[in-house]
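Please go through the following briefing with the sequence and the structure side by side.

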Amino acid sequence: MNDEMKSSESESDYYVEILGDTVSPSHVLYSILISIVLGLGGFLIGKQFFPLVAEDTMVNSYSLLLGIAGCVAALVLSAILFRPKRILTESQANKEDANKLLKDLQVDLDEEYEVIRKDPVTRKEMEDLQIADIFTHDEKEK
Amino acid sequence: MDIYVISILLAVVGGVLFTLIGLISGSDETATMVPFTLLVILLGAPPVAVFSFFMAAVISKHLTHAAPTALMGIPGDTMMVPLLDYTETLRKLGVPHIAVRKMISGGLIGALISFPVSLLFAQFLGQFAEFFKEYTGVIFAVAAVIIAYFSKGKWVSVLLIVPFAMLIQGLNLLSFEVLGKNLAISFFLGIAIGPMFSDILIALSSSARKDVVRKHPQKYNLAPEIKSWSGYFPNPLRILTSPQKWFTSFSSFITSFTFTFSPTGMTALMGELVGSRIKGLYKRSTTTVSVMNGVTESTYIAETIIPLVAFGLPLSPMALGPAAALFNAPPVFSVDHNLHHLMSSWDFFIFGAIGLIVGAIIAYPFVMNYSRKATVFIMKYISQEAIIGMFIAIVCVIAYYEGQVTGILVTFTVAAVGGLFNRILGVGSGVQFMIYYGSAWIMAVLIGL
C-alpha cells in the first residue's frame with residue numbers, strides 16, 4: 001500500500017504552496033470533495049434522521065455534531081489516502097535553508113543581531129532552540 | 001448528589017470534551033459551545049453546575065485551540081486568525097511547539113486575571129452599558145483605520161476600508177432579504193479562510209499559478225525539545241519571559257473591561273499594539289502570540305461574566321454567540337429567568353472558579369507536555385491536503401447550518417475578496433474583522449443605510 005502511494009506521488013512533477021505547506025493539486029481537490037460529501041452529507045442526513053428520535057429544538061445541534069463528525073472522518077480518510085509532501089528534519093537548519101528563510105521572512109539582520117546581543121533571556125531561549133545561529137550566520141563571517 | 005460534586009463532574013466533562021474539540025482545526029466556538037451547553041441545560045443540570053461546565057469548556061478549548069493554529073497553521077477557531085502570521089513565522093523557524101507553550105501560558109494568565117477583574121467590574125457596571133453599546137460602531141471604525149495604517153498594506157488597507165464595509169453590508173442586506181435574519185458566523189468564517197481560499201484560487205488560475213508552484217516539497221526543521229520544568233505540571237509564569245508576562249497581564253487586565261467589543265477584534269488590536277513595539281523576529285512573534293492568546297481568554301471570560309452578572313441580558317458578542325445558552329435556553333432559561341436571577345455573586349465566583357481550575361488542570365499540562373510529540377505526529381502522518389479538505393468542509397457545514405446555501409455563498413464571497421486583499425495587497429485579517437464590526441456604522445454614516 002505504502003509503496004503504491006509513493007510511486008503514484010513521484011509521478012506528480014510539481015507542488016503548490018497553500019498556507020505555507022506544499023501539496024499536490026489533484027490530491028487537494030479529491031480531499032476537498034471527500035470532505036464536503038462526508039461533512040455536508042452528515043449534516044443533511046442528521047436533519048432527516050434526528051426528528052424521528054429527538055426533540056425539535058435539538059435537531060439542528062445534533063445534525064451539526066454529525067456533520068462535524070463527518071469532517072473528522074474525512075480527515076482520517078484523506079490522511080490515509082494522501083501522504084504528507086513535506087519533509088521533516090529534526091536537526092538544525094543548515095546555512096542554505098537559513099538564508100532562504102531570512103529572505104522569505106524579510107528579516108532585518110542588524111535589528112535581529114542587536115536584539116540577540118542586548119537581550120540575554122531571549123538569546124538563551126534562541127540558543128536552546130538552536131535557532132540563534134540562523135540570525136547570526138552572516139555576522140560571524142564578517 | 002452534592003451540588004459541588006455535580007459541578008466538579010460536569011466541569012471535568014466540559015474540560016475533557018473541549019480539550020479534544022479544541023484540537024480540531026476550525027471548530028467554530030459558537031457552533032460547538034452552544035449545542036453542548038444547551039444539551040447540559042436541557043438534561044436538567046443545576047444552574048451553578050451549568051456555569052462550571054461552561055467555564056471549564058471555555059478555558060480548555062481556548063488552551064488547546066492553540067495547537068492546530070501553531071502546529072498546522074490552520075486557525076483553531078476564528079479567534080485564532082489574528083495569530084496566524086506570527087505562528088507561521090515560528091513554524092518556519094522550526095519552533096511551533098514553543099509557540100504553543102507561549103500561547104497557552106499567556107492564555108492561562110489571561111484567564112486568571114480576567115476572572116476576578118470582570119467579576120468585580122460587573123458589580124459596578126449597570127450605568128455604562130448604554131454608552132458602550134452606542135459607540136461600538138465608531139470605536140471599531142476608528143480601530144480599523146489605526147490597525148490598517150500599521151498593517152503590511154498600510155495606505156491600501158486604509159483605502160479599502162469603505163469598499164470592504166460596502167461589500168459586507170451589501171451581502172448582509174442580500175442574505176437578510178433571502179433568510180429574514182442577519183448572518184454573522186458566515187462572515188467570520190469567510191475572513192478566516194480567506195488566505196487559504198485565495199491560495200487555492202491562485203493555484204487554479206493559469207495566469208497567476210506560477211507564484212505558488214514549487215518544484216520541491218516544503219522542508220521543516222523542527223527544533224529540539226526543551227523542557228524547562230520537572231514533573232507533569234509546569235508553572236506558566238516560568239514559560240514566559242518577564243516582558244511577556246507584563247504585556248500579557250496588562251492587556252488581559254485592560255480587555256477585561258471591554259466587554260462589548262469583538263473578542264477577535266480586541267485580540268488583533270492588543271497583539272498588534274504590543275507587537276509593533278518589539279524588535280527581533282523571534283522575540284516579537286513569541287510575545288505577540290502570548291499576548292494575543294491571553295486576550296482571547298480574558299475577553300471570552302469577561303464578555304461572558306460581565307453581561308451575565310451585571311444585567312442578565314446578552315449584551316456582548318460572546319453572550320450573543322458561544323454563551324447564548326446561558327442567557328436563553330427555552331424552556332429552562334429565558335432573559336427574565338436565567339443564571340443572573342438564579343445565582344448570587346458568590347455563586348458566580350465559587351462555581352466559576354471550579355470550572356476554570358478543573359479546565360486548566362485538564363488542558364494546560366496536556367498541551368504543554370505533548371505539543372512537540374503532537375507536532376511530529378501531525379507533520380509525519382497528517383497531510384496538508386487532508387487538513388485543507390476538512391477545513392473547507394467544516395466551513396461549509398457551519399455556514400449551511402447558519403444560512404443554508406446563502407450562508408455558504410456569503411462565506412466564499414467574503415473569502416475570495418478578503419483572501420486576495422490579504423495575500424496580494426496586505427490587508428490583514430485583523431483589519432477585516434474590525435471593518436466587519438464597524439461596517440454597519442460606516443455605511444449608516446456614509447449613505448444612511
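In chain A, the end C-alpha atoms of residues 62–82 lie 30 Å apart, and this span is 95% helix and 0% strand, where helices (H or I, at least four residues) and strands (E, at least two) are DSSP runs numbered from the N terminus. This is a predicted model, in which local features need pLDDT of at least 70 and side-chain atom pairs count only at pLDDT 80 or more, while totals for chains, interfaces and linings use all residues. Residues are numbered from 1 along each chain as its sequence is written, chains are lettered from A and ligands numbered from 1 in the order in which they are written, and side-chain values use heavy atoms, with hydrogens and water left out.

**Annotated spans of chain A**

- According to the unreviewed UniProt entry, the annotation "transmembrane region" covers residues 28–50 and 62–82 of chain A; such annotations may be inferred rather than shown by experiment, and their positions are given in the numbering used here, with feature names shortened.
- Residues 28–50 of chain A are 100% helix and 0% strand, with their end C-alpha atoms 32 Å apart.

**Extent of the interface**

- Contact (heavy atoms within 4.5 Å) links 69 residues of chain B with 66 residues of chain A.
- Chain B and chain A bury about 6400 Å² between them, of which 68% is on carbon and sulfur atoms; buried area is the accessible area (1.4 Å probe) that two parts lose on being put together, summed over both.
- Within chain B, the residues that lose the most area to chain A are Y282(B), E385(B) and V397(B), together 11% of what that side buries.

- The interface of chain B and chain A holds 2 salt bridges, each defined as a side-chain nitrogen of Lys or Arg within 4 Å of a carboxyl oxygen of Asp or Glu.
- A salt bridge joins the side chains of E17(A) and R214(B), at 2.7 Å from N to O.
- Helix α19 (residues 384–425) of chain B supplies 17 residues, the largest share of the side of chain B that touches chain A.

- An open sheet of 3 strands runs in the order β2(A)-β1(A)-β1(B) with antiparallel pairing, two strands being paired if DSSP finds at least two bridges between them.
- The edge strands, each pairing on one side only, are β2 (21–23) of chain A and β1 of chain B.
- Strand β1 (residues 15–18) of chain A pairs with strand β1 (residues 213–214) of chain B over 2 bridges, and Y15(A) stands opposite R214(B).
- Within chain A, 3 bridges join β1(A) to β2(A), and E17(A) stands opposite T22(A).
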